[in-house]
Amino acid sequence: MPTALADFEPDELAQQFVAWGFKPSHAARVLRAHYAGQTPPGSAALRLPAGLAERLATVTAPAAELAVRQVANDGTTKLLLRLADGRTVESVLMPDFRPDRAAGCLSSQVGCAMGCDFCATTKTGFERNLTAGEIVEQFLALRREAEAAGRRLQTVVFMGMGEPLLNLDAVLPAVRRLADNALGALGWRQITVSTVGIVPGMEALTATGLNFNLAVSLHAPDDATRAQLLPVGKRFPLADILAAADRFQARRGRPVTIQYCLLAGVNDSPEHAHRLAELLGSRRMHVNLLRYNPTGLSLRGVAYAPSPEPVAEAFAGILKARGLVAHFRRSRGKDIDAACGQLRRRAAEASPAAG
Ligand code: SF4
């Protein structure tokens, strides 16, 4: 039996209440209160029958608790959450340019096995998959942060630690709970799942028929360059990844986002831009250009650097001139450990016990 409320599906908690000898209808109220974050589960305000609050105490251990909080000058807030087994995971709140909104970035795994050469998370390797409840608790923590800052958590992206499509058993239930009107109450369009291109996982997402957004991290316009940056590129060629993205897009009818992190002298030349334009061709996909946050020497010993501004602008200009929709994603939290995995690594270095 789960020990954290966020780990329960609504009908699972209802069945548990029946097993304890109580009406299943109390479960929906308890879960709503937990997701709303206003009332402790056993609170008298919920007017639960005698004995149920005591039973509830056995399933209200927090799935994740705040360990470290960093706030950048631009308002970006990075949370390091400690899980029940002592491991830690990162989540980020990014203020929107609209003063009342914010976006959240969620992790799906502790560490990551993908080995992307420019990523700080990869340096600590893979530890384990997160549970659906641990993903939900990140969302709830970010929503509390947003509310404290006078903002609404408007969108969430699965672009934190881990490869979401290698943990679909937890990511899909978590997404369903975030999009449940009585629980997370996010719209499907407010949720984006990101992948480095795990083709079977992309096909599984398409098969769900769920209407969230998909982002695919390409970071290179050809398989040879990509395989140097992303080892997974040796397993899944670009042609297969884009074919899977086409099928997801055809099913949903809205554009897939292509993520491309510009790295100085690696993937940012005019030739790379033209090759990317050819690769995407007439596909109605949007290109999200990312500015790199340096994380020190990579696993292969490379000191990646962000593309200089004029180079990045020229790259975007070529894509646009060739008819693609391309935008820069704003770089956030430069004065804190903004890159995925940096805060966790630093915390682990400061205290070897931190997971
Ligand atoms: S970029 Fe994402 S998939 Fe790649 S190693 Fe980092 S966390 Fe994993």
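Colleague: What makes you say that α5 is largely enclosed by the rest of the structure?

Modeller: In α5, 10 of the 12 residues are buried, so the rest of the structure largely encloses this helix. Buried means under 20% relative accessible area, exposed means over 50%, and partly exposed lies in between (1.4 Å probe, protein chains only). The buried set of α5 includes Leu 168, Val 171, Leu 172, Pro 173 and Arg 177. Bear in mind that this is a predicted model, in which local features need pLDDT of at least 70 and side-chain atom pairs count only at pLDDT 80 or more, while totals for chains, interfaces and linings use all residues. Residues are numbered from 1 along each chain as its sequence is written, and side-chain values use heavy atoms, with hydrogens and water left out.

Colleague: Which elements cover the buried residues of α5?

Modeller: Among them are α2 (25-36), α4 (132-148), β7 (152-158), β8 (191-195) and α6 (199-208). Contact here means heavy atoms within 4.5 Å.

Colleague: How do you know what length to expect for α5?

Modeller: The expected span is 1.5 Å times one less than the number of residues. For the 12 residues of α5 (168-179) that gives 16 Å, and the end C-alpha atoms are 16 Å apart, which agrees. For α2, also 12 residues, the rule gives 16 Å as well; its ends are 18 Å apart, which is still counted as agreeing. Just after α2, Gly 37 takes a positive phi of about 70 degrees.

Colleague: What makes Leu 279 belong in its accessibility class?

Modeller: With a relative accessible area of 23%, Leu 279 is partly exposed. Leu 279 lies in helix α9 (270-280). Leaving aside residues up to four places away in sequence, Leu 279 touches Leu 218, Pro 221, Leu 238 and Leu 242. Its C-alpha atom is 8.6 Å from that of Ala 239, 40 residues apart along the chain.

Colleague: Stepping back, how many helices and strands are there?

Modeller: The protein chain has 11 helices and 12 strands, both taken from DSSP runs and numbered from the N terminus (helices H or I, at least four residues; strands E, at least two).

Colleague: Why do you compare the chain with a globular protein of its length?

Modeller: The globule rule is 2.2 Å times the number of residues to the power 0.38, and the radius of gyration is taken over C-alpha atoms. For 355 residues the rule gives 20 Å, and the chain has 21 Å, so it is as compact as a globular protein of that length. Buried residues make up 54% of the 355. Among contacts between residues at least 6 apart in sequence, 67% join residues at least 24 apart.
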